[in-house]
Amino acid sequence: MSAVIRLERLLHETVATPYSDLVTRPTGAAVRQRVLEALQEAAGDEAQLDFSAVGLVDFSCADEVVAKLLNQLALLPIIRLRLRGLREDHAEAIEHALRCHGLAVVALLADSPRPRLLGRVPDDWRDAFAVLADLGRAPAPPVAAALAWPLPRALDALGALAERRCVLAHPDDTFELGAVA
Amino acid sequence: MHVVPVPAFLDDRSLDAFAAQLPAWPPEGRVLVDAHATEWSSPAGFTALLTLGQALAEVAAPKPRLTLPGADGVASYWAKAGFLQHADTLFELHGKVPRRRADGASETLLDVTPIRESKDVHEIVGRINERSTQILKRELDLEASVVGGFGQSLSETCQNITEHAGTGGWVAVHVYNFRRRLGRKAVVIAVSDAGIGFRRSLEATQAKRFGDRWGDGLAIETALIHNISRFRDPGRGQGLAGTKRYLARWQGKISIRSGTARVCIPPAWDDEPPMSEGLAWFPGSQVTIVIPAREASP
């Protein structure tokens, strides 16, 4: 199960504005609070923050809504948090905010079906993620083979992605991106 | 009465000459801002004049006078840009005050607008978004992704007021031709406040590191170049950092004047020195952002 949290709805429930822009720190902090409440209701599931009806996202609001939320990810009652419906400028603002905190998240942009990693993501993680997107559920050896890496390198990259909940690590030593749509 | 002449062309650079004519602060007597011979003002000029009026009001100085430009059409333009309606609340206006026409100036993306709290930033960003998207694409030939970054930069620059200034300020956004310096059109965001300035904002957390060297220039540099804000949260100070990154990608320029210094990140097309210190003092802080039109293909 994946709970979809429509950010423009939370914005309008939080701030009296006719616009759908996620701007300013106070707005971001208030929206994050509403997201946290929504995540309590989604306990045990995956959750997706849906940006598809959001106008502008500025750097401060990206920091308040996404980066600070991901910083609390270990304390959240959900399995994973993903972003969807992003425009390129949303992705840039969020990427900038996440880099400052050393965070990473999986995002689906509005104009592409291929999931993307945003944030501070070493090349190895990005490469392993891309291969896993093509392979589907797979153990580390085929990922290492596809990249012509020694196995420990693939295990390190996949382990780091799993630690950040960017991929799922299963008890049978396989990894997968999971549903992203 | 202390007369402060306004330069013939008032912008972020000629503001220095204007500031040099100000009396000792706070002024003892009444100030007359004389724009009679002024022929043009950039958005940075408009917002700075209002900042002066606001700063005088905040030190309980007598209401200053403002002599309007005498040249045909100049005062009308000032009215159309939304300057005079706010100037009227801060200055005693002298000269023929033109009625403001409803159509606004075509080069004005955002009239001179006050910023006091974060809901003003929402309103500014929301209001400008649709109009700016059309104009930036049509007039400046900018792509949609550039337009998104423009809105982010505008939002972050306005938020510097609500987050750091300790008082209100002003913003205006115009598109005009940078014929001499750039040879093409550019969009200019000007944000000015009458607040505490960068030096005082950062003093408690940063001044010790620099000892005697601490001053307006270093304070601006700390914020603009090193992305440091008065808050210790690592996400803070990133608004300016994101804006800089965006501007670097599109050959844009940012300059910040506060107190007696101005620091800028000059693109290749501009000759302004990165830091100017020992300028005449002017109240608060002034941020100017220039985003040039796309260069025509040869």
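Guide: Two strands are said to pair if DSSP finds at least two bridges between them, and strands themselves are DSSP runs (E, at least two residues), as helices are (H or I, at least four), numbered from the N terminus. This is a predicted model, in which local features need pLDDT of at least 70 and side-chain atom pairs count only at pLDDT 80 or more, while totals for chains, interfaces and linings use all residues. Residues are numbered from 1 along each chain as its sequence is written, and chains are lettered from A and ligands numbered from 1 in the order in which they are written.

Visitor: What makes strand β7 (residues 108-115) of chain B and β8(B) a pair?

Guide: The definition asks for at least two bridges, and these strands have 5, in the antiparallel sense. In this pairing, I115(B) stands opposite G169(B) of β8(B). Strand β8(B) also pairs with strand β9 (residues 184-193) of chain B, antiparallel and over 10 bridges; there V173(B) faces I189(B). The hairpin of β8(B) and β9(B) has 5 residues between the strands, and G183(B) takes a positive phi near 75° in it.

Visitor: Why is strand β8 (residues 169-178) of chain B called largely enclosed?

Guide: A residue is buried if 20 or more other C-beta atoms lie within 10 Å of its own, exposed if 12 or fewer, and partly exposed in between, with C-beta atoms placed from the backbone. In β8 of chain B, 7 of the 10 residues are buried, so the rest of the structure largely encloses the strand. For chain B, buried residues make up 49% of the 298 residues.

Visitor: How do you know that chain B is as compact as a globular protein of its length?

Guide: Chain B has 9 helices and 13 strands. Its radius of gyration is 18 Å, close to the 19 Å that the globule rule gives for 298 residues, so chain B is as compact as a globular protein of that length. The radius is taken over C-alpha atoms, and the rule is 2.2 Å times the number of residues to the power 0.38.
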